[in-house]
Amino acid sequence: MVDELPEERGVREDEEEELMEKNLRTTHADEGKKFKEANNDVIDNGGQQQLLMVDELPEERGVREDEEEELMEKNLRTTHADEGKKFKCTECTYRTTRPDHLKRHMRAHTGERPFKCSICGHQTARSEQLKLHMRTHTGEKPFECTICGHQSAQAGNLKQHMLTHTGEGMKFKCTICGYRSAHPGNLKQHVRTHTGVKPFKCAICGHQSAQAGNLKQHMRRAHMGEKRRHLRQLH
């Protein structure tokens, strides 16, 4: 047997290398086709999970693992946050660490109002609500504007008043005189000074007021003494 000549051996090696590269290209092309077909299966089956024919790319696998880790951490935070809240409402998902908070919350479902005004009989579910209500009788206004001295019975009312100085949120404007307000309810009350509408009527004497607060004030001044005298006569 005669050995191959160097040039013949070189040709054969080139042919073998070319054939190997062709086989590699064919293999990768087939894998890409399988990957595409697998993705098409996912789409055609309405998004149902399919077993792909090729592995995930490293960066895709990393993203998926990060998402799974983030979800696990979120679930752990939620679980541990509720661990100490052993007092649970039987009507809704409310949970708390204190039994008195749960008792107070339950009044929202039962409608119970154990705190009663000694002057007018108004009832509230929470003691702080009764405290706020009592200011309608006493006239107490502990919240004062540092700019003009305006006083309010509630902190929220003072915050709303401060907008009249800053101009922020004064988007409700009277079409008659240019009065502006940060709250639509205030504008509605103001417009009654132009229209003369007085929707609040006293059930005892028929006196009418443009604002609910004015009617309450009328009831205290005009009829509260009569009510007390009547109660004393009954006893």
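Against which strands do the buried residues of α6 pack? Point 6 returns to this question.

1. Basis of the model. The structure is a predicted model, in which local features need pLDDT of at least 70, side-chain atom pairs count only at pLDDT 80 or more, and totals for chains, interfaces and linings use all residues. Residues are numbered from 1 along each chain as its sequence is written, and side-chain values use heavy atoms, with hydrogens and water left out.

2. Confidence. The pLDDT is the predictor's confidence in each residue, from 0 to 100. Its mean for the protein is 75, and 62% of the residues reach 70 or more. Over residues 38-56 the pLDDT is below 50, and this stretch has 15 contacts in the model beyond near neighbours in sequence; a contact means heavy atoms within 4.5 Å. Where pLDDT is low, the predicted coordinates should not be read in detail.

3. According to the UniProt record, an unreviewed entry, the annotation "domain: C2H2-type" covers residues 87-114, 115-142, 143-170, 172-199 and 200-228. UniProt positions are given in the numbering used here, feature names are shortened, and annotations may be inferred rather than shown by experiment. Residues 87-114 are 43% helix and 14% strand, with 22 Å between the end C-alpha atoms. For residues 115-142 the values are 43% helix, 14% strand and 22 Å between the end C-alpha atoms. Helices (H or I, at least four residues) and strands (E, at least two) are DSSP runs, numbered from the N terminus.

4. Helix α4. The expected span of a helix is 1.5 Å times one less than its number of residues. Leu 130, His 133, Arg 135 and His 137 are buried in α4; buried means under 20% relative accessible area, exposed over 50%, and partly exposed in between (1.4 Å probe, protein chains only). Gly 139 follows α4 and has a positive phi, near 80°.

5. His 137. This residue lies in helix α4, residues 127-138. His 137 is counted as buried because its relative accessible area is 18%. Its side chain is joined to that of His 133 by a polar contact of 3.1 Å. A polar contact is a pair of N or O atoms within 3.5 Å; within protein, one must be able to donate a hydrogen and the other to accept it, and residues adjacent in sequence count only if both atoms are side-chain atoms. Not counting residues up to four places away in sequence, His 137 touches Cys 117, Ile 119, Cys 120 and Arg 220.

6. Helix α6. Here the opening question is answered: the buried residues of α6 pack against β7 (172-173), β8 (180-181) and β9 (200-201). These buried residues are Leu 187, His 190 and Arg 192. Helix α6 (residues 184-195) has 12 residues and reaches 17 Å from its first C-alpha to its last, close to the 16 Å expected at 1.5 Å a residue.

7. Salt bridges. How many salt bridges does a search of the whole structure find? The search finds three, a salt bridge being a side-chain nitrogen of Lys or Arg within 4 Å of a carboxyl oxygen of Asp or Glu. Arg 98 pairs with Asp 100, the closest N and O atoms being 2.8 Å apart. Arg 98 is partly exposed at 41% relative accessible area, and Asp 100 is partly exposed at 38%. Glu 128 and Arg 126 meet at 2.8 Å, N to O; Glu 128 is partly exposed at 35%, and Arg 126 is partly exposed at 31%.

8. Arg 135 and its surroundings. The side chains of Glu 140 and Arg 135 form a salt bridge at 3.8 Å, N to O. Arg 135 belongs to helix α4. Leaving aside neighbours within four places in sequence, Arg 135 is in contact with Glu 140, Pro 142, Phe 143 and Ala 153.

9. Ala 153. This residue lies in the loop between β6 (151-152) and α5 (155-166). Ala 153 and Arg 135 are 18 residues apart along the chain, and their C-alpha atoms are separated by 6.6 Å. Not counting residues up to four places away in sequence, Ala 153 touches Leu 132, Arg 135, Glu 140, Lys 141, Pro 142 and Phe 143.
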